[in-house]
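I opened a new notebook page for this protein. I wanted to look at the ligand and the domains.

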Amino acid sequence: MVTGTAVVVGGGLAGLAAAAGLAQHGFQVTVLESRGRLGGRAGSFVDPTTGQMVDACQHVSMGCCTNLAHFLRTVGVDHLLAPQPKLYFVTPDRRASVFKADPWPAPLHLGRALMGAHYLTPLDKLRVGYGLVRMLAEHPDADPPLLPWLRAHRQNDRTIERFWAIVLTSALNETVDRVGLKYARKVFRDGFVRHRDGFTVHVPTVPLGRLYGDELCAWFAAHNVEVRENAGVKRLIVGEPPPPSPLPEGKGEKELSAHVASNPAGSPTGSPFPDRRGDGGGGIRGIELRDGSTLSADWYVLAVPFDRVADLLPEDLVAREPYFGNVKNLTASPITSVHLWFDRATMKLPHAVLIDCLGQWVFDRGEVAPGEFYLQVVVSAARDLKGLGRDEIQRRIVEELGRVFPPVSAAKLLRAKVVTEHTATFSAVPGIDQWRPVQASPIANLALAGDWTATGWPATMEGAVRSGYLAAEAILTRAGQSAKLVQPDLGA
Ligand SMILES: Cc1cc2nc3c(=O)[nH]c(=O)nc-3n(C[C@H](O)[C@H](O)[C@H](O)COP(=O)(O)OP(=O)(O)OC[C@H]3O[C@@H](n4cnc5c(N)ncnc54)[C@H](O)[C@@H]3O)c2cc1C
């Protein structure tokens with residue numbers, strides 16, 4: 001086993017997965033997170049009026065998210081998610097279709113559920129079936145604009161709005177007129193066709209802050225990972241390191257790593273840089289934090305959102321090295337979540353996918369405090385809400401819910417909160433993968449991680465964990481130890 005020190009910048013899922021992967025292979029890891037909590041975008045805040053921990057936005061996983069499942073299992077929090085064997089699709093006329101698998105092998109397991117969708121005509125269902133077959137027959141890397149592709153494959157307004165958009169807008173956080181075929185195909189293939197369990201939605205039973213909270217920190221503490229919150233990084237210090245210093249005679253691996261860790265950034269660590277070819281201007285020598293302190297290690301993982309990367313690297317490096325510069329071509333898509341606390345229970349379903357509505361998903365989080373019943377409505381790709389103002393968004397959502405679930409109209413709204421994440425995820429536009437960097441950077445001791453790096457996945461918790469595992473794999477390979485951290489796909 002190789003040992004060494006690693007600093008991970010960013011305590012979102014990508015950074016945490018990279019830290020876990022490296023720690024399990026003997027690395028002494030420090031995670032630097034600028035906020036006062038872990039989980040990044042998959043996080044919670046404490047509501048100042050009630051002290052309750054509230055998710056910035058409901059997050060769900062699916063059965064096909066094998067790396068997220070592996071990570072949660074590894075750190076011991078997988079029991080905090082509940083699988084939903086049934087999905088409920090509800091229209092404004094209050095009719096619901098239940099989407100559940102039959103005991104038949106994939107891809108037949110969901111055939112009857114699709115046939116039972118009350119919001120599609122029999123002809124629509126034939127159109128959808130035809131579109132799915134043609135989509136799955138496409139090359140996995142083909143990525144033309146999706147909407148013209150759908151039109152060219154016999155999809156009409158109704159199938160586009162009530163089938164393709166319903167699934168894809170939530171899964172990709174983007175509208176069907178903006179996405180490419182590649183990730184649309186992936187959603188249907190991995191989520192609905194490849195394996196019976198792929199479509200099962202897994203919902204956390206606790207706030208995300210608790211999911212990525214105490215148990216996770218305890219696991220890290222037990223695995224030699226130091227987690228520093230409120231530790232914002234100002235910049236990565238790039239420079240040509242001196243040749244590797246020989247291992248002092250008789251020193252064990254642990255002692256070397258301690259020696260390396262104690263070196264300040266200004267005095268290079270003597271850490272191993274086994275492959276400096278393609279090095280974009282020198283190895284990373286250290287990190288300067290916002291409080292002015294510095295830190296150095298053998299290896300670095302930069303696991304921040306894509307719009308933060310350039311700020312942390314030297315300007316000239318980003319300008320001359322397309323690997324870093326290309327990241328600027330990624331664009332973001334917003335998500336709005338509407339949090340509503342009523343004085344009584346208002347829904348009989350645990351969740352609902354809303355058809356022909358402004359809200360796309362509504363989750364019933366139950367009685368979260370005595371006499372407080374919490375619903376959360378999610379609007380993905382929420383550009384249309386821009387400029388409406390929080391009160392107007394809340395009014396429209398509450399009115400809509402009242403039409404779909406009449407008890408909402410009778411209930412008293414105790415509190416509400418509208419949260420918009422303007423840069424929620426990268427937008428999976430056609431050809432997006434040309435801008436997503438692989439995790440192994442041209443700087444020999446630096447790997448990138450983040451849902452926006454090249455994972456083959458859209459921006460999801462699964463993509464983030466994959467990127468973290470891939471970043472750790474890249475470092476392990478460069479350190480001379482080949483290890484497979486990325487988990488196989490379901491049904492692979
Ligand atoms: C509203 C919303 C809803 C979503 N819903 C779902 C869902 O239902 N299912 C799903 O799978 N995915 C969902 N996602 C996507 C999912 O949250 C992300 O894909 C995933 O969490 C990204 O993880 P990450 O580690 O790549 O990035 P992040 O979570 O953004 O982590 C990056 C971390 O870096 C830290 N950081 C930034 N700059 C610095 C610095 N200078 N120094 C130190 N630290 C720094 C940040 O504070 C952050 O913690 C949703 C996202 C949003 C925003």
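My entries on the ligand shell and the domains follow.

**Ground rules.** I worked with a predicted model, where local features need pLDDT of at least 70, side-chain atom pairs count only at pLDDT 80 or more, and totals for chains, interfaces and linings use all residues. Residues are numbered from 1 along each chain as its sequence is written, and side-chain values use heavy atoms, with hydrogens and water left out.

**Ligand shell.** I found 36 residues around the ligand (near means a heavy atom within 4 Å). Glu 33, Arg 41, His 59, Val 60 and Asp 451 are the closest. I sorted the shell by class: 18 nonpolar, 12 polar and six charged residues. Gly counts as polar here.

The protein buries 94% of the 1000 Å² that the ligand exposes when taken alone (Shrake-Rupley method, 1.4 Å probe).

**Domains.** I noted domain 1 (5–42 + 212–330 + 437–478), domain 2 (44–99 + 199–204 + 332–426) and domain 3 (102–198); the bounds come from an automatic or database assignment. Domains 1 and 2 each give the shell at least three residues.

**Domain 1 against domain 3.** Four residues of domain 1 touch five of domain 3 (contact: heavy atoms within 4.5 Å). The two domains bury about 370 Å² between them (accessible area lost on being put together, 1.4 Å probe, summed over both). Gly 456, Trp 457 and Pro 458 supply 92% of the area that domain 1 buries there.
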